[in-house]
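Please read it alongside the sequence and the model shown here.

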Amino acid sequence: MAGRHSLRRLRLAAVMALATTLLAACGADSNQSSNSDSGGKQAAPQYGGATGTPEGLAQGDATPDKTDGTDDRAAAGETNTADRPVSTFAVDVDTASYSFAKRTLESGQRPARDTIRPEEFVNSFDQRYREPEGNGFAINTDGTRLPSTHRGADDRARLLRVGLQTSTEAGGERPDAALTFVVDVSGSMSEPGKLDLVQRGLHTLVGQLRPTDSVAIVSYSDKAQLLRPMTAVRERESLDQSIDRLKVSGSTNLEAGLRMGYDTARKGFRNSATNRVILLSDGLPNVGTTDSSALVKEIQEAASKQITLLGVGVGSDYGDRFMEQLADKGDGYVVYVSDQTEADRVFVQQLPATVALRALDAKAQVEFDAKTVLSYRLIGYDNRALSASQFRNDRVDGGEVGPGHAVTALYALHLRPGAEGHLADVRVRWQDPKTREPSELSQPITVSTLDRDFAESPSPLRVSYVAAYLAEVLRSSRYAEEVRLNDLRTIAQDCGDTAQVRDLTAMITDAISLYN
């Protein structure tokens, strides 16, 4: 018995000695690793749990067994390319958010955060893109390092600009147009800069249309009224008289106005023509249906039958979200008129260009290469995002684009260390406005496209950066802390002396007094 106890004690002593030896070895390895990290090599910035930990793997660590000291997790707020390499969105050419924010800042007030959409800020500026030789789109891509004033940007941070451009229209090429104007004449439109701007603009627009185009006019307040059925523009005098009959009265029954407008458009529908309802309103309904979602089904049905919607917003009190949702569902877009100068631009330049269409249900897709791109973020397009599978599903709504229109998407991204070669593939898909036949175009991008200093990048790219991050400040997003308004103004001032840049600079100055 005593012998067996002695044997057990010997075995226990041996196990304890072995454990002590192993623990000492682990401690020595740990000390060596710590000493190495504190040497001349600087540790990579951390954006989550340590590489290879369960936290890191949950975020999509592509190579958890890496030993080169680099971090494979997405930067804060960015999508890990190893998890989801494809970014897809419906094309959007709306600009109302920028114009309305400009008007609000000029009045000494902060715009409501939910009215700020960065893509509409960016799309408000001339990008000088190359145009396609025929119909469809030209894909334009470039990029840059971030400016030295951008807080927290490391050497791998980049800005990618993806531009889609349609061709401007040759004279006489466009089809005839059948336009139904639905005009808000409720009491809220009595404010200077509302109905008066609309009437003057309509007179100007009718004067620019061709004699073979046709126009109908519907007004609405408590009820809807047909002021002029579909009438050939050669009868300009009668159309001008109907515009002069627009008078303010009553409440705002936008539902009644839109229903009569679409009914009028259906009755006056012309094959092989551009059939469009144009809603001119402050977007503040208070009678009938006041929820845009209740009108969406009818608008979508009309859009499927090739009657599209364009919204023209007016006034300092303006239902931005309401107008935007209607236009998005109606295969159209919305612009905003803040003053006479803006009205002249919209009614003389923008609206005549929308009479024709270049593309319906346009969608864009960027597929990043996980070997070179660590993570990315699409700036804006929050309510236009699509799944990757919806890109080639032609039953899913995209955006409507007219002649000479540009669509810009900005991506903030981080490259992998030593990245070179293929960066991404850009695709755009759309339907022919006449035949509804789909087309698709793609173009690759290389890492070298983004390898230039910010100060040396094209002026439109720098303006896009300023506009996008101004929007981030105005909507108080997590990315607002990465920039200072004074720095954005300095960059804008260095981008040339154009009317658009002067307006942007003045807008930032107004924001400085309210946000600093």
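A residue counts as buried when its relative accessible area is under 20%. By that criterion, Phe 100 and Tyr 318 are both buried. The model is a predicted one.

- An open sheet is built from six strands with mixed pairing, and their order is β7-β6-β5-β8-β9-β10.
- Because β7 (224–232) and β10 (333–337) are the edge strands and each has a single partner, one side of each lacks a neighbour in the sheet.
- From one strand to the next, the twist averages 15°.
- Strands β5 (residues 177–184) and β6 (residues 214–220) run parallel and are joined by seven bridges.
- Thr 180 has Ala 216, in β6, as its bridge partner.
- Helix α6 (residues 236–244) packs on the sheet, where α6 touches β6 and β7; the direction of α6 makes about 165° with that of β7.

**Helix α7**

- Helix α7 (residues 254–267) comprises 14 residues and spans 20 Å from its first C-alpha to its last, close to the expected 20 Å.
- Buried residues of α7 include Leu 254, Leu 258, Tyr 262 and Ala 265, and Glu 255 is also among them.

**Nonpolar cores**

- The largest nonpolar core contains 64 residues, and Phe 347 and Tyr 411 have the most contacts inside it.
- Helix α5 (residues 195–208) supplies the largest share of this core, six residues.
- Another core, of 40 residues, lies apart from the largest one; Leu 410, Leu 470, Val 483 and Cys 495 are among its members.

**Aromatic pairs**

- The structure holds twelve aromatic pairs.
- The ring centres of Phe 100 and Tyr 318 are 5.1 Å apart and the ring planes stand at 70°, so this pair is edge-to-face.
- Phe 100 belongs to helix α3 (residues 96–106) and Tyr 318 to the loop between β9 (307–314) and α9 (320–329), so their pair ties together parts that are 218 residues apart in sequence.
- Phe 368 and Tyr 411 also form an edge-to-face pair, with 5.3 Å centre to centre and 75° between the planes.
- That pair links strand β11 (residues 359–368), which holds Phe 368, to strand β15 (residues 406–415), which holds Tyr 411, across 43 residues; both Phe 368 and Tyr 411 are buried.
- One aromatic cluster is formed by Tyr 98, Phe 121 and Phe 125.

Conventions:
Residues numbered from 1 in each chain as written. Predicted model: local features only at pLDDT ≥ 70, side-chain atom pairs only at ≥ 80, totals over all residues. Heavy atoms only, no water. Pairing = 2+ DSSP bridges. Helix = DSSP H or I, 4+ residues; strand = E, 2+ residues; numbered from the N terminus. Axes fitted to C-alpha atoms, helices over the stretch in contact; angles between N-to-C directions. Contact = heavy atoms within 4.5 Å. Expected span 1.5 Å × (residues − 1). Buried < 20%, exposed > 50% of the residue type's maximum accessible area, 1.4 Å probe, protein only. Core = buried A, V, L, I, M, F, W, Y, C linked by side-chain atoms within 4.5 Å. Phe/Tyr/Trp six-rings, centres within 6.5 Å; stacked < 30°, edge-to-face > 60°.
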